Amino acid sequence: MKKLFAALALPLIALAIAFTAPVSAQSSRDAVWIQIAARPSLREAENEARSYAARLPDVSGYALGGGWYGVVLGPYAREDAERVLQVYRAEGQIPRDSFIAFKRNLRSQFYPVAADATQPAEPAPAPAEPAVQEPEPQQQTALQSTLPDETPAQARRSESTLSRDARMQLQIALKAAGFYNSGIDGAFGRGTRASMSDWQAARGFEPTGVLTTAQRQVLMDEYNAPLISAGMARVEDAKAGIALQIPAGEVAFDRYESPFAHYTSKGDLGAQVLLISQPGDKRTLFGLYDILQTLEIVPLEGPRQRGSDSFTIEGRNNQIVSFTQASLKNGEVKGFTLIWPAGDEDRRTRVLAAMQASFTRLEGVLDPAAGGDAVQSVDLVSGLEIRKPKLSRSGFFVDGSGSVLTTSDVVAGCSRITLDHGYQAEVEANNTAEGIAILKPAEALAPAAVAGLSTASPRLQSEVAVSGFSYEGVLGAPSLTWGKIADVKSLDGNANIARLDLAAQPGDAGGPVLDATGAVLGMLLPRKTGGQQLPEGVSFAVNADAIRTALNAAGVTPAAQPVSSGSLPNAAMTRLASGMTVLVSCWE
């Protein structure tokens with residue numbers, strides 16, 4: 001059966017390798033590797049490298065520093081490495097906790113012996129006096145590895161001194177390595193013993209089912225390799241009043257901008273950490289929960305949970321995964337955010353667990369004025385970018401339940417559509433020929449005003465106004481732009497399109513065109529001129545008759561034209577137009 005599985009697996013692996021050649025020397029500065037093993041002994045690492053090289057291409061070994069030696073695949077371009085990592089993991093060819101490694105993590109090459117000149121190299125140490133020369137870490141490890149290991153009886157005796165937590169950690173490590181699939185209970189029963197035996201056999205040890213002290217260390221070192229590679233270290237931020245383990249090999253303190261202490265990326269990985277610290281109450285906590293979800297670092301997809309005194313937010317897309325936790329205690333809101341690149345889930349999970357387990361509240365809270373002299377921008381909150389839609393245009397309510405009419409352009413290629421940023425909407429109908437889209441909100445809305453479609457033909461040179469979000473929502477409310485009816489048909493004679501003498505902005509497209517009485521004559525269309533260069537102030541609108549036809553076809557009953565009582569004063573026109581106009585946003 002195993003041979004059959006291997007035969008079936010080969011085509012997938014071959015396919016991945018066929019499209020994944022190692023990077024050239026010219027692009028080696030952008031190269032990455034896949035670290036598949038880390039050993040505290042040079043001999044073990046060499047044996048591991050030979051074992052992998054017998055069945056996988058591009059295997060090499062490098063010193064990692066601190067007496068550790070890594071077995072890696074590569075080098076590859078980043079996108080190729082992620083594809084190889086996915087395939088090899090799926091087929092069980094490499095451990096599940098394998099991860100992307102960078103050039104700066106690799107030192108001298110020990111396998112193959114003839115290292116290529118373009119690969120990372122560690123400078124040779126300066127010679128020392130023979131009388132006081134200390135053995136190099138690899139020499140020390142080699143000497144230690146020649147010492148006799150524990151006998152099974154000695155291993156059982158040393159094992160018996162382990163705490164329940166230490167036993168559970170061994171089961172967790174065996175499970176992470178793919179050898180154990182039962183409950184984590186700290187009881188070494190038949191299943192645990194079998195998994196230990198399988199792990200020993202896979203690592204070249206005698207499969208006794210009882211791990212020696214040295215073997216337990218190797219197992220835990222393997223399990224902790226992702227944390228070692230990220231340089232996990234404890235930091236105490238006295239200003240924020242927080243202590244915890246952070247991936248110090250990937251992030252470094254940058255600045256304070258209340259309520260955040262920013263630890264930005266210092267390597268190629270792109271990881272970030274934010275410490276959250278501010279005085280406040282439940283309103284502060286809940287406000288932070290809402291604000292965080294408007295930021296670019298918190299993608300829309302992912303679980304969120306808010307309790308009475310704490311919350312967690314996870315957001316993920318194809319670039320990053322972010323996790324935030326915060327809680328309120330003694331009038332202080334404290335927590336952290338971890339931002340990690342997508343595609344490195346096993347290592348991210350380990351780093352996050354270490355941060356959560358070590359998170360400690362210290363005395364004090366970040367000064368609310370911290371970072372007050374930082375550069376300000378409407379697109380930033382405490383130095384973090386606000387998430388922005390791909391495109392925003394205008395629309396207007398056409399019935400009492402909140403159906404919205406807008407331009408077809410704004411709904412094209414959207415993964416999500418919102419009304420006024422806060423309400424989800426779906427495309428009910430889209431007449432691209434006329435440029436009309438009809439949106440239905442996910443929940444019924446109660447508009448302040450609904451468009452009343454005009455039943456009369458507009459008069460040439462009569463005054464009109466377009467209500468729209470001219471600057472795509474930056475001003476927070478729609479504005480009116482005044483103009484005139486230049487023609488009741490388009491330049492090519494289309495009777496459903498009116499030409500306006502009106503200087504509109506791109507964000508106004510989709511907004512209602514109103515006459516002096518407040519009746520809606522049409523909807524402003526995007527300025528599309530193809531190869532033509534039209535004069536300034538030329539705009540076009542689809543007329544009320546075409547809108548009424550599109551609404552009826554979609555099963556939406558438009559509101560009746562308001563009874564005319566003459567021209568509306570400017571203030572009344574502004575209230576009416578503002579009540580019916582809505583910001584429509586397209587999100588990727």
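**Ground rules**

I number residues from 1 along each chain as its sequence is written, and side-chain values use heavy atoms, with hydrogens and water left out. Since the model is predicted, local features need pLDDT of at least 70 and side-chain atom pairs count only at pLDDT 80 or more, while totals for chains, interfaces and linings use all residues.

**Entry 1: the largest pocket**

I began with empty space. Rolling a probe the size of a water molecule over the atoms shows where empty space is left. The search runs on a 1 Å grid over the protein atoms alone. A pocket is an open set of points with protein on both sides within 12 Å along at least five of seven lines. A cavity is a set of points where a 1.4 Å probe fits but cannot get out. Lining residues have an atom within 4 Å of a point. Grid points are joined across faces, edges and corners, and a volume is the space filled by probe spheres set on the points.

I noted about 640 Å³ of space in the largest pocket. Its lining holds 23 residues, and Ile386, Arg387, Pro389, His421 and Trp587 lie nearest the centre. Strand 18 (391-397) and strand 21 (423-431) each give at least two residues to this lining. Strands here are DSSP runs of E with at least two residues, helices are runs of H or I with at least four, and both are numbered from the N terminus.

I sorted the lining by class: eight nonpolar, seven polar and eight charged residues. Nonpolar covers Ala, Val, Leu, Ile, Met, Phe, Trp, Tyr, Cys and Pro; charged covers Asp, Glu, Lys and Arg; the others, Gly among them, are polar.

I looked up Glu296, in the loop between helix 9 (282-292) and strand 11 (304-306). Leaving aside neighbours within four places in sequence, Glu296 is in contact (heavy atoms within 4.5 Å) with Ile320, Glu385, Ile386, Arg387 and Lys388. Glu296 and Glu385 are 89 residues apart along the chain, yet their C-alpha atoms are separated by 5.6 Å. Buried means under 20%, exposed over 50%, partly exposed in between, with a 1.4 Å probe and protein chains only.

**Entry 2: the cavities**

How many cavities of 30 Å³ or more are there? I found two in the whole structure. The largest cavity has a volume of about 170 Å³. It is lined by 18 residues, and Ile36, Ala37, Pro95, Asp97 and Glu222 lie nearest its centre. Strand 1 (32-39), helix 6 (164-176) and helix 8 (213-230) each give two or more residues to that lining. By class, the lining has 12 nonpolar, two polar and four charged residues.

The second largest cavity holds about 40 Å³. Its lining includes Gly468, Phe469 and Ser479.

**Entry 3: helix 6**

I went back to helix 6. Its 13 residues should span 18 Å at 1.5 Å a residue, and the end C-alpha atoms are 18 Å apart, which agrees. The expected span is 1.5 Å times one less than the number of residues. Arg167, Met168, Leu170, Gln171, Ala173 and Leu174 are buried in this helix. Their cover includes helix 5 (152-160), helix 7 (190-202) and helix 8. After helix 6 comes Gly178, with a positive phi near 90°.

**Entry 4: the cores**

A nonpolar core is a set of buried Ala, Val, Leu, Ile, Met, Phe, Trp, Tyr and Cys residues joined through side-chain atoms within 4.5 Å. Which members of the largest core touch the most other members? Among its 51 residues, they are Ile34, Leu73, Ile94 and Leu244. Apart from this core lies another of 26 residues, including Ile497 and Val520.

I found a cis peptide bond between Gly74 and Pro75, with omega about 5°. Pro75 lies in strand 3 (residues 68-76). Another cis bond joins Tyr111 and Pro112, with omega about -15°.

Asp58 is not a glycine, yet its phi is positive, about 65°. Asp58 is partly exposed, at 24% relative accessible area. Asn330 also has a positive phi, near 55°. Asn330 sits in the loop between strand 13 (320-329) and strand 14 (332-341). Asn330 is exposed, at 71%.
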